[in-house]
Amino acid sequence: MATPYRAVLPTLDGRLDNANPERHFALMKLDQGLGIIGLLVLATALALLLTIGIPISVSKDSVELKDWLGFAGNVMGAFVTVVAAAIAWKAVQRQIASQHVATQLGVMTREEDRIEELLPGLRDAVHFASGFLTYRVLRGFDGVVEAFQSDGFGVQGSTYAKDVESALSSTDGATRLRVEQALYKCYRWAIHAEAASQGIRIGSAQIANPFEWDADALRKKHAEIDDHRSRFAQAREQFGKAMDALETEIITIKSKISLYERRLDLIRHRIEGFFADEDE
């Protein structure tokens, strides 16, 4: 069984951990931010040292107190600039993080709505199509066409598309089409099998007393019955294959339902996790 996708994120010491990817992602961003601030402080200190500190130190003129005060003022001014830049950077990062969370929540809620809209129709499709699988064990096929019609497919005066749409009004169009195509193949071969079965039965009844027939007519009737038997065998084989294809389609729909249910649980868990973080 396929497992839901989860991003693998590295911890600060380089190890991979799936326990809490959101926490590791936040720590990585914090570590990167502190590194940027440290680089800014270092660059500012070096710039002040090269442009002001070293010239004052190597100057042949006497350094007065006001020169050191000016140097100190420049240092303090640069420090305040760096602090202001760090505060602004943090505010921008907070805003970016909020926008990222809002985008994720929007995507997840839309997917949640889409799945909740699809699931009832998919379950209806499984229930409707599964009802026809009971006919796969037929031997004589007498009355099978009428049975299909009574179950809602091949109704007189309707179309196959309308029959499926009426039974699966809440199912998406793609699934309805696949169910219609699978049922049509079963229904078509059921018609052929039932017609051939009737031909065998009627022909056999007609020659119940072979002495009433002349030789040539009896030989032709036997040939007709053999032809019906051949057609029946072919139709029964194809009907079985069509039923297998219908069952495969049902299994596919069930797998999609299972996938959507797992995804829905994952989405709800993630959404609850976002709000839990907000509450903390």
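Author: A salt bridge is a side-chain nitrogen of Lys or Arg within 4 Å of a carboxyl oxygen of Asp or Glu. This is a predicted model, where local features need pLDDT of at least 70 and side-chain atom pairs count only at pLDDT 80 or more, while totals for chains, interfaces and linings use all residues. Residues are numbered from 1 along each chain as its sequence is written, and side-chain values use heavy atoms, leaving out hydrogens and water.

Reader: How far apart are the closest N and O atoms of Arg114 and Glu111?

Author: Both residues lie in helix 2, three residues apart, about one turn of the helix; helices are DSSP runs of H or I with at least four residues, numbered from the N terminus. Arg114 and Glu111 form a salt bridge, and their closest N and O atoms are separated by 2.9 Å.

Reader: Is Glu111 buried or exposed?

Author: Buried means under 20% relative accessible area, exposed means over 50%, and partly exposed lies in between, using a 1.4 Å probe and protein chains only. The relative accessibility of Glu111 is 18%, so Glu111 counts as buried.

Reader: Which parts of the chain does the salt bridge between Arg123 and Glu261 tie together?

Author: The side chains of Arg123 and Glu261 meet at 2.9 Å, N to O.

Conventions
Helix = DSSP H or I, 4+ residues; strand = E, 2+ residues; numbered from the N terminus.
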